[in-house]
Amino acid sequence: MMHYLKIEGNAKLSGEVKISGAKNAALPIIALTLLAKNKINLTNIPNVADIKTLCQLLVNLGAKCEFKDENSLSIDTSSVNSTTANYDIVRKMRASILTLGPLLARFGHCEVSLPGGCAIGQRPIDLHLSALEKMGANIEIKQGYVVATAPNGLKAAKIVFDKITVTGSENIIMAAALAHGTTELFNVALEPEVVQICEILAKSGVKIEGIGTSELKITGSGQKLLEICDIEVIPDRIEAGTYLCAGAITNSKISVTKANAAHMTAILNKFEEMGFGIEIDGDKITILPTNEIKPVEIRTTEYPGFPTDMQAQFMALCLAANGVSTIDERLFENRFMHVSELARMGADIRLNGHIASVYAPANLNAADVMATDLRASSALILAALIANGESLVHRIYHLDRGYERLEEKFKSLGAKIVRLEE
C-alpha cells in the first residue's frame, strides 16, 4: 500500500514545531553501541524508518534492542554473536556501513554487504576501506560483501582522508576507539554528528584530542569494550531548517523548538540574506516575515558551510523570491532530481552542470508530483504550500525515512495536508 500527501496551496502558517533528534546522529550512535560492554539508554531518537532498520540489523547480529517509547531505546550488544551484516538490511539503508568499523575493531573480523547504489549519486566507501587497511585490516570484496579481518585487532595509524567523508570519519573514529595505540586522523568531517560521536567516546574513557577540529588523536582501548553512558541525540538541524523554510516560503512567522542554532549558522545566514528576520531564544528559533523575499546565491559544501541536505528546500524557497537565484551543488552529482518535478508545477529552473538558476517569482500551480529522494520530497511539499490548488505528492516513503510525523507537524502550523492511500 503506497501513501501520498494531498496539500492545499496558498497557505498561511503560524505556531511552533518541536524538532526531533537527528537521524544522521542517531544512526552512528546506534552503531557505536557495538563498542559497549553495558546496556545503553538512548533518548531523543527520531521515530523514522531508518532507525528501525539499523536496530533490526543489530538484532540480527544478536543484540537486544528495545523501544521504551517512540523516542527512546535501550540497546545491549553484549550478546552479539554474529558479524555478518546481510544484504537484505543493508540495501534498505546505506548507513548500515557504519557497523563495519565497530564490528571489525571488536571482533577482528566481519562481513558487511556493500551498500549498492544511491539515488543521489555515488557515495564510495573506498575511503573507509583504505583507512581500515592502514590500520592493519585485510579487506577483500567477495560476492558483494566486504570481508574484513584483523585477527590481532586494529593497530594505530596515521590516516589522511582524501575527501571529507562524514560516515568515513565516524566509522574510523569508532574503529580507532578500540584499536591498539594512538591513531591520528586528518581532514576529519566537522559535522555536529561527528563531534557528538567523539564526545560520547571521550566521556566513555577514550582519550581523544582535537574534538571539533579536522585533526584528531585517538588512543584506543586495545580491544577492551567500553562503559558507555546514556546518550541524548542532538537535534536535527535539517528538520529544523525544513520547517523554517515552510515559514519562509509562505512568508509566515513560525518557531521551531528543541533546536540548536549553533549547528545552523550557514542556514540561518541564508534566511537573513533573503530578508527574513531570525530570532534565537535558547533552543527556540523564530523566522519573521519580510516585505520582499530577495534572491540568493547558495553553494553547498561540507560543514560548517551550507548543507547539501538543505539545497532542495531552499530551491523551493527561491521560487518565492523576487529575482534570479543560483544554487551550486558541489557534493552530489545527481542532486537536482526535484527540478523536473518542480517544473511540473510551473517552476522555471535552468540547469547548467552542477549549477541551477531559479527564475522567480514563479506562479506555481498544483500538480501531481513524485518524490525521488528524502530531501527532494520536502522541497515538493514546500512548493505545494504556495501553489494554486491541491497538489498530490506521491512516493512519500522517502519522507518517512527521515522526517518524524511530518504531516502532523505541518498541520500544527496550520497547513492543510493529509496522508492518503493509493
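Axes here are lines fitted to C-alpha atoms, for helices over the stretch in contact, and angles run from 0 to 180 degrees between N-to-C directions. The model shown is predicted.

**Figure 1. Helix H10 against helix H12.** H10 spans residues 311-318, and H12 spans residues 374-386. Their axes come within 7 Å and cross at roughly 20 degrees. H10 is therefore roughly parallel to H12, because angles under 35 degrees count as such. The crossing of H10 with H12 is right-handed. H10 contributes Ala312, Gln313 and Ala316 to the contact. From H12 come Arg375, Ala376, Ser378, Ala379, Leu382 and Ala383. Sorted by class, the contact of H10 with H12 holds 6 nonpolar, 2 polar and 1 charged residues.

**Figure 2. Helix H4 against helix H6.** Residues 100-107 form H4, and residues 166-178 form H6. The two axes come within 7 Å, with a crossing angle of roughly 15 degrees. So H4 is roughly parallel to H6. H4 passes H6 with right-handed geometry. On the H4 side, the contact is made by Leu100, Gly101, Pro102, Ala105 and Arg106. On the H6 side, Asn171, Met174, Ala175 and Leu178 take part. The contact of H4 with H6 divides into 6 nonpolar, 2 polar and 1 charged residues.

Figure 3. S15 covers residues 254-257. Ile254 and Val256 point one way from the strand, while Ser255 and Thr257 point the other way. All four are buried. Strand S2 (residues 15-18) runs parallel to S15, joined by 4 bridges. Val17 has Val256 of S15 as its bridge partner. Strand S17 (residues 284-288) runs antiparallel to S15, joined by 3 bridges. Here Ser255 stands opposite Thr286 of S17.

Figure 4. S4 pairs with S5 (residues 72-76) in the antiparallel sense, over 5 bridges. Phe67 has Leu73 of S5 as its bridge partner.

Key
Residues are numbered from 1 along each chain as its sequence is written. This is a predicted model: local features need pLDDT of at least 70, side-chain atom pairs count only at pLDDT 80 or more; totals for chains, interfaces and linings use all residues. Side-chain values use heavy atoms; hydrogens and water are left out. Buried means under 20% relative accessible area, exposed over 50%, partly exposed in between (1.4 Å probe, protein chains only). Helices (H or I, at least four residues) and strands (E, at least two) are DSSP runs, numbered from the N terminus. Two strands pair if DSSP finds at least two bridges between them. Angles under 35 degrees count as roughly parallel, over 145 as roughly antiparallel, 65 to 115 as roughly perpendicular and the rest as oblique. A crossing is left-handed if the near helix is turned anticlockwise from the far one by less than a right angle, and right-handed if clockwise. Contact means heavy atoms within 4.5 Å. Ala, Val, Leu, Ile, Met, Phe, Trp, Tyr, Cys and Pro count as nonpolar, Asp, Glu, Lys and Arg as charged, and the others, Gly among them, as polar.
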